[in-house]
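Me: Can we walk through this structure together? I'd like to start with the surface.

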Amino acid sequence: MRLLKYPGILILLYGIGFAMVSNFNMGVFMVLALGVLLTLCGIWPEQIKKITSHGIMKAVKYLIVLGLAFILGMTGFLMYQGSVDEVTYEEDALIVLGAAVQGDRVSSILAARLNEAADYAAENEEAIIIVSGGQGPQENLTEAQAMETYLMAKGIPQDRIIKEEQATSTYENFKFSKEILDSKFGEEYTCAYVTNEFHCYRAGKIAEQAGLSANGVSVKTEWWKLPVNYMRESLAVVKFWILDR
């Protein structure tokens, strides 16, 4: 068990570094907690073994092991779900789901979604692009405004972009975007959405809840961001399964 302190320290450093360059979220917290846990097990193996050998702490130990196994399994499931794209490039609209904005700049995750949206717009020149996202506590402007600015810099005309600036959740992304699409097209239209591969499964289910039949376009996430985002998304999927939201 003493060797656990080395991966534990590396995971801690990774979590701290991630928090310094991105907004703090539950995924970062989970990574830091795992790093602390492994480091403590490596530094005080005998004490930890004694504490977790009986009673409630023994149950906690097994719950932690089961939780880690669940996250690994969920990661594989989400990777598979995110590998399947069903877009036809003939949809009437593309919804870009918001993500973190750092000050007034889009995060790298959001930039990847927008780059994919720009590629889609070039392939399907008739589609409108809805950029959906309100303003979070660490953001100087709405995510939709930052996304519009980014897409215009990529050469997408402003008259092809519609901002939805109220949403604070994925459900609201789809709900408010559907209201825009209903007012523009009536009841007959097709649409797609773009998000990161780890988010595709839950996003598709939430779109259905909001009354949208939408095809997903997945975006590959930079490798070093995968642990935080898959940990966070695993919890979000569990919450969705339990609360249906």
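Predicted model: local features only at pLDDT ≥ 70, side-chain atom pairs only at ≥ 80, totals over all residues.

**Patch, packing and pairs**

Me: Which helix gives the most to the nonpolar patch?
Reply: Helix H4 (residues 55-82) does, with 5 residues. Helices here are DSSP runs of H or I, at least four residues, and strands are runs of E, at least two, numbered from the N terminus.

Me: Which residues form the nonpolar patch?
Reply: Leu37, Ile51, Ile56, Met57, Val60, Ile64 and Leu68. Patch members have over 30% relative accessible area and no salt bridge; nonpolar side chains (Val, Leu, Ile, Met, Phe, Trp, Tyr) are joined within 5 Å, like charges within 9 Å.

Me: And where is Ile64 found?
Reply: In helix H4.

Me: How do H4 and H9 pack?
Reply: At an angle of about 90°, with axes 9 Å apart. Axes are lines fitted to C-alpha atoms, for helices over the stretch in contact, and angles run from 0 to 180 degrees between N-to-C directions. H4 and H9 are therefore roughly perpendicular (65 to 115 degrees; under 35 is roughly parallel, over 145 roughly antiparallel, the rest oblique).

Me: Which residues of H4 make the contact?
Reply: Phe70, Ile71, Met74, Thr75, Leu78 and Met79 (contact means heavy atoms within 4.5 Å). From H9 come residues including Tyr230, Met231 and Trp241.

Me: What about H2 and H9?
Reply: H2 (residues 26-43) and H9 (residues 226-243) pack at about 110°, with axes 7 Å apart. That makes H2 roughly perpendicular to H9. Residues of H2 that meet H9 include Met26, Val31 and Leu34.

Me: New topic: how many salt bridges?
Reply: The count is 5 (a side-chain nitrogen of Lys or Arg within 4 Å of a carboxyl oxygen of Asp or Glu). Lys163 sits in strand S5 (residues 161-164) and Glu148 in helix H6 (residues 143-153), 15 residues apart.

Me: Last one: what does Leu12 touch?
Reply: Leu32, Gly35, Val36 and Thr39, not counting residues up to four places away in sequence. Leu12 lies in helix H1 (residues 5-21).

Key: Residues numbered from 1 in each chain as written. Heavy atoms only, no water. Areas by Shrake-Rupley, 256 points an atom, 1.4 Å probe, with all protein chains shown as cover.
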